[in-house]
Amino acid sequence: MGSSDQTVLQFAPSSTTLSARVHPLVIFNICDCYVRRPDQAERIIGTLLGSVLPDGTVDIRNSYAVPHSESQDQVALDIDYHHNMLSSHQKVNPKEVIVGWFSTGFGVSGGSALIQEFYSRETSNPIHLTVDTGFQNGEASIKGFVSVHLSLGDQPLAAQFQEIPLDLRMVEAERVGFDMLKTTTVDKLPNDLEGMEASMGRLLALIDDVHKYVDDVVEGRLPQDNKTGRFIADTVATIPELSPQAFDKLVNDGLQDQLLLLYLASLTRTQLSFAEKLNTAAQIL
């Protein structure tokens with residue numbers, strides 16, 4: 001019996017276990033560029049900058065938009081502008097390199113494969129970050145993708161996008177701004193007291209969750225996890241042991257420092273205004 005050749009359809013190997021960490025500055029910058037986009041542009045496209053951490057996680061720290069024009073079957077990027085912006089950024093921070101690209105919209109679009117091919121020549125295994133500025137699900141959905149090449153034998157056919165885990169980490173002040181950004185309607189921006197109140201509400205909810213978890217483990221409703229227990233113990237150990245008097249003194253000292261800063265700022269504004277009036281009067285005379 002004669003043997004027949006078989007053509008195998010296969011995926012090229014890729015880092016499907018890749019993960020990325022996104023700084024909030026990147027999201028704020030993308031939303032700002034989307035608001036400032038040209039009237040005829042439906043979305044914006046740009047470059048992601050960052051570095052690869054020792055554990056393989058891609059740390060995305062900065063971004064900039066790249067002018068482009070696109071139709072149903074082609075996309076044209078301003079490559080000269082892209083390279084000039086990259087050169088300017090690396091003069092400020094030479095450790096930031098290209099790690100991928102971003103686009104606004106919900107998920108991957110038709111021209112994404114063409115743009116992914118361009119950035120694949122700029123860096124190996126680029127990440128495609130999408131930010132849903134149209135709020136299709138009621139909030140700004142943020143997703144990350146990598147491409148896996150599909151080939152028929154030795155002949156490449158297409159590229160398939162696979163979603164990767166994203167870690168959006170931010171300090172509490174950035175969290176308040178991001179929560180306001182991802183909502184569809186906002187009456188007004190929260191002041192410092194309202195932002196602190198929202199942060200304390202989230203903190204109390206987390207404490208209640210931890211308290212419930214510990215009770216469930218102690219009473220046998222949940223299996224114990226040594227890693228989680230050590231994490232909770234380390235967190236509790238970082239809390240300083242302060243008496244009520246020491247705590248009040250700490251709060252009062254911080255309040256006095258804030259009042260001093262407000263006084264110095266007011267004094268500076270008054271001095272600048274006085275100097276401006278003197279300069280105007282000297283020019284008139």
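Rings of Phe, Tyr and Trp (the six-membered ring for Trp) form a pair if their centres lie within 6.5 Å, with planes under 30 degrees apart counted as stacked, over 60 as edge-to-face and the rest as tilted. Under this rule, ring pairs join W101, F118 and Y119 into a cluster. This is a predicted model, in which local features need pLDDT of at least 70, side-chain atom pairs count only at pLDDT 80 or more, and totals for chains, interfaces and linings use all residues. Residues are numbered from 1 along each chain as its sequence is written, and side-chain values use heavy atoms, with hydrogens and water left out.

**Aromatic cluster**
- The count comes to two aromatic pairs.
- W101 and Y119 are stacked because their ring centres are 6.1 Å apart and their planes lie at 10°.
- This pair links distant parts of the chain, 18 residues apart: W101 in strand 7 (residues 97-104) and Y119 in helix 3 (residues 112-122); helices (H or I, at least four residues) and strands (E, at least two) are DSSP runs numbered from the N terminus.
- F118 and Y119 are edge-to-face, since their centres are 5.1 Å apart and their planes lie at 80°.
- W101 is buried at 0% relative accessible area, as is Y119 at 0%, and F118 is buried at 9%; buried means under 20%, exposed over 50%, and partly exposed in between (1.4 Å probe, protein chains only).

**Charge over a ring**
- R37 lies over the face of Y34, at 4.0 Å from the ring centre (the criterion is NZ of Lys or CZ of Arg within 6 Å of the ring centre and within 35 degrees of the ring normal).

**Helix 5**
- L203 is located in helix 5 (residues 192-218).
- With 42% relative accessibility, L203 is partly exposed.
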